[in-house]
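Here is a note to read beside the model. Please keep the structure open and check each point as you go.

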Amino acid sequence: MNNVVLSFFKEYNIPYRINRSNNTVSYPCFYCHEETTISLIRTRWKCSNCSRWGTIVHLIEFINDNDHSAVEAIKQVNIYDEKKEIEDIIKLLAKIKNKEVALELQEKLSKILVKRQKKRDP
């Protein structure tokens, strides 16, 4: 089933992040756009924000039943990936020569700090 879930997100260009430690994929909820997860093994999901739930079949039906703008809205949601953010910062550090790059670096660092703080606070 792993391939079915990943193929779905890739085919429709839905942002996602694989969590190999617990065999899930994080992605934006199709209904409220908050980050939620789907099981790679059972293909079940439940959004802790809006309480909607279903399987990969429900996500496929959503894509088929909704207009282009609803699907495009989902594609615009960013799924936070700490590893990628850190890699981007390292690349920026290598390029830092002007004020614009320095401001971009500051913004990225601020985002990471905010996300880390949210994870620590109950």
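1. Start with a term. On a 1 Å grid over the protein atoms alone, a pocket is an open set of points where a 1.4 Å probe fits, with protein on both sides within 12 Å along at least five of seven lines; its lining residues have an atom within 4 Å of a point. Grid points are joined across faces, edges and corners, and a volume is the space filled by probe spheres set on the points.

2. Know what you are looking at. This is a predicted model: local features need pLDDT of at least 70, side-chain atom pairs count only at pLDDT 80 or more, and totals for chains, interfaces and linings use all residues. Residues are numbered from 1 along each chain as its sequence is written, and side-chain values use heavy atoms, leaving out hydrogens and water.

3. Next, the overall layout. The protein chain has five helices and five strands. (Helices are DSSP runs of H or I, at least four residues; strands are runs of E, at least two; both are numbered from the N terminus.) From the N terminus on, the order is α-β-β-β-β-β-α-α-α-α. The C-alpha trace spans about 50 × 35 × 25 Å along its principal axes. Of the 122 residues, 33% count as buried. (Buried means under 20% relative accessible area, exposed over 50%, and partly exposed in between, with a 1.4 Å probe and protein chains only.)

4. Now the largest pocket. It holds about 470 Å³ of space. Of its 17 lining residues, Arg17, Glu35, Ile79, Tyr80 and Lys115 are the closest to its centre. Two elements give two or more residues each to this lining: α4 (82-95) and α5 (99-120). The lining divides into three nonpolar, four polar and ten charged residues. (Ala, Val, Leu, Ile, Met, Phe, Trp, Tyr, Cys and Pro count as nonpolar; Asp, Glu, Lys and Arg as charged; the others, Gly among them, as polar.)

5. What lines the second largest pocket? Its residues are Asn78, Ile79, Tyr80, Asp81, Lys84, Glu85, Glu104, Glu107, Lys108, Lys111 and Lys115. The volume of this pocket is about 280 Å³. The largest share of the lining, five residues, comes from α5. By type, the lining has two nonpolar, one polar and eight charged residues.

6. Check the cysteines. There are zero disulfides in the structure. Cys29 is buried, at 1% relative accessibility. Cys50 is partly exposed, at 27%.

7. Look at the rings. There are nine aromatic pairs. (Rings of Phe, Tyr and Trp, the last by its six-membered ring, pair if their centres lie within 6.5 Å; planes under 30 degrees apart are stacked, over 60 edge-to-face, the rest tilted.) Phe8 and Phe9 make an edge-to-face pair, 5.3 Å centre to centre, with 70 degrees between the planes. Both residues are buried. One aromatic cluster is formed by Phe8, Phe9, Tyr12, Tyr16, Tyr27, Phe30, Tyr31, Trp45 and Phe62.

8. Finish with helix α2. This helix covers residues 56-65, and Ile56, Leu59, Phe62 and Ile63 are buried in it. Seen down the axis of α2, these buried residues fall within an arc of 115 degrees, so they line one face of the helix. (The arc is that of the directions from the helix axis to the C-beta atoms.) The face turned away from the buried side of α2 carries the exposed residues Asn64 and Asp65.

Definitions and conventions: A disulfide is a pair of cysteine sulfur atoms within 2.5 Å.
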